[in-house]
Amino acid sequence: MNLNISVLCDTCQEQTNCRLGFSNREYQPLRFRCASCGAPIDITMTLNFENVGADIQVKNAKRIYSEEFKPETNFVDLHLDFPVSFGKYIMGITPFIAASMRIDHKDMPIHAIRIEGLNKIFKQREKIKNIFTLYKRNKHELFKEKSLEFLGSKMGCDTELDRNRALYFVIERAFFPFSEPKKKLDTVAFFKHKLIELESVNKEALFLFINKVVENGFLKNTQKDCLEVYPRIIDIELMLRPALFLDFDKQYENCPVPYRVSSHEFLETKDLYKDIAEIISRALVLVAGINNLLKRDSHDVFAAKKRTPSNLDKFTDFSLGEKLNYIDDSWYSLSGDVMDNHLRNSIAHYKVEYNDVTQEIIYYPKREGMKQKCSESMYFLDFSRRILLAFRELHRLNLLTKCLFNFYYLEILGWQGTPYDL
Ligand SMILES: [Zn+2]
């Protein structure tokens, strides 16, 4: 369902025609910038499912009556669930129809299921965030109560091993809409397989490595850092909806074109990208340790190269770019352009400009003194896609911390897991 409305900007009195595409969500905050003066205009739709109507509130603009959408008037398509084009108004080519034309018809129901999952996460956001907080603060009894209530389960939850299990069940249940379409369970199986392989070849060296990262608190801290990110992802789930759609949009993959994101803005989310990159960089210490074990039987021994770190401790202080140089022929593949050093460095050093109206991000990755000439650019939709991919990578590394903890409890300490009833 769609609704056409016209608004007059409070700041410059310029008219914008808007086609509002309805998502299946009770509360729908949409935002765009006035093409004339750049002022933010918010349109909030609150659906009334019983009467199949919607209450529409407009902020920073006034709603006016307009008989038809003329081509010379500013126009915006707005929809929470899809990337929408910046083009002119074409009657009938609604955001939903335009999106449907870009992907395989079998994929639209999958996108819809994920969007419905996000609606559920939003409704349960306080509960989910609370579970993370209780886990991090070691409030064991309350964690047990709230996590089992969320899962609808009676499984054992009285040891570190069982709490670890409950935590990751909560994560899998709550964050399934963000997971990659076909890759979910393989990740854990792959990590387990690698640890078993190492155990059979050099058990002593593996135990030494795991004991080290548990005893010096590194594994726990990495897990805690990862857990900080999940609640922040819930906060921007609206922004990630169009990015999730791109999982299916092969046309976009081959030829990105400007698309609008109808909620949130770049400045609200740039720090999250930087923080995720930082946490991934730290978690790579685990990847490097295992890589060294697989290749050279000791987590501390790196391949001989210029400026090779003398041990894993020294490696920890390297920058992300440097770290990647010293994980030779890695057993763990960091997905494609997840870690865009140019973008990350530019954000970290405030060398980014953002055009609110066109949603174009221009950044200056090179060190070039006072002049800023060499720029790169992307659209906010691409940036939100980077956040999604970086989050998936962080989640994968978090699953590695889970597997290492499990291995420590079960194989090194010799604990027994309790049965579960999920
Ligand atoms: Zn204006």
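How are the donor residues of the zinc ion spaced in sequence?

Modeller: A word on the source: this is a predicted model. The donor residues of the zinc ion follow the spacing C-x2-C-x21-C-x2-C. They are Cys9, Cys12, Cys34 and Cys37. Each gives its SG atom, and the donors lie 2.3 Å from the zinc ion. The angles among the 4 donor atoms run from 103 to 115 degrees. That makes the site tetrahedral.

Take Cys12 and Cys37 from this set. They link distant parts of the chain, 25 residues apart. Cys12 sits in the loop between β1 (2–9) and β2 (15–21). Cys37 sits in the loop between β3 (27–33) and β4 (40–48). Cys12 has a relative accessible area of 27%, so it counts as partly exposed. Cys37 is partly exposed too, at 34% relative accessibility.

Now follow the strands beside these loops. β1 and β2 form a hairpin, with 5 residues between them. Gln13 lies in the turn and has a positive phi of about 65 degrees. The two strands, β1 and β2, are antiparallel and pair over 7 bridges. Ser6 stands opposite Asn17 of β2. Asn17 also has a bridge partner in β7, namely Phe75. β2 and β7 (residues 74–78) run parallel, joined by 5 bridges. Of the 7 residues of β2, 6 are buried, so this strand is largely enclosed by the rest of the structure.

Leaving aside residues up to four places away in sequence, Thr44 touches Tyr27, Gln28, Pro29, Asp55, Ile56 and Gln57.

β3 leads on to a helix. It is among the elements that cover the buried residues of α8. Others include α1 (95–100), α2 (107–123), α7 (218–235), α10 (266–296) and α14. In α8 (residues 237–245), 9 of the 9 residues are buried, so the helix is largely enclosed by the rest of the structure. Among them are Glu237, Arg241 and Phe245.

Next, the aromatic rings. The whole structure holds 31 aromatic pairs. One of them joins Phe132 and Phe175, edge-to-face, with 6.3 Å centre to centre and 75 degrees between the planes. Phe132 lies in helix α3 (residues 125–136), and Phe175 in the loop between α5 (160–174) and α6 (184–215), so the pair ties together parts that are 43 residues apart in sequence. Phe132 has a relative accessible area of 1% and is buried. Phe175 is buried as well, at 4%.

Tyr354 and Phe380 form another edge-to-face pair. Tyr354 and Phe380 are both buried.

Phe132 and Phe175 also belong to one aromatic cluster, together with Phe178, Tyr230 and Phe391.

Lys305 lies over the face of Tyr326, at 5.6 Å from the ring centre. Lys323 lies over the face of Phe315, at 5.9 Å from the ring centre.

Notes
Residues are numbered from 1 along each chain as its sequence is written. This is a predicted model: local features need pLDDT of at least 70, side-chain atom pairs count only at pLDDT 80 or more; totals for chains, interfaces and linings use all residues. Side-chain values use heavy atoms; hydrogens and water are left out. Rings of Phe, Tyr and Trp (its six-membered ring) pair if their centres lie within 6.5 Å; planes under 30 degrees apart count as stacked, over 60 as edge-to-face and the rest as tilted. Helices (H or I, at least four residues) and strands (E, at least two) are DSSP runs, numbered from the N terminus. Buried means under 20% relative accessible area, exposed over 50%, partly exposed in between (1.4 Å probe, protein chains only). A charge sits over a ring if NZ of Lys or CZ of Arg is within 6 Å of the ring centre and within 35 degrees of the ring normal. Donors are N, O and S atoms within 2.8 Å of the metal (3.2 Å for Na, K and Ca); water is not among the atoms, so sites may look incomplete. Four donors count as tetrahedral if all angles lie between 85 and 135 degrees; four count as square planar and six as octahedral if opposite donors are over 155 degrees apart and all others between 65 and 115; anything else is irregular. Contact means heavy atoms within 4.5 Å. Two strands pair if DSSP finds at least two bridges between them.
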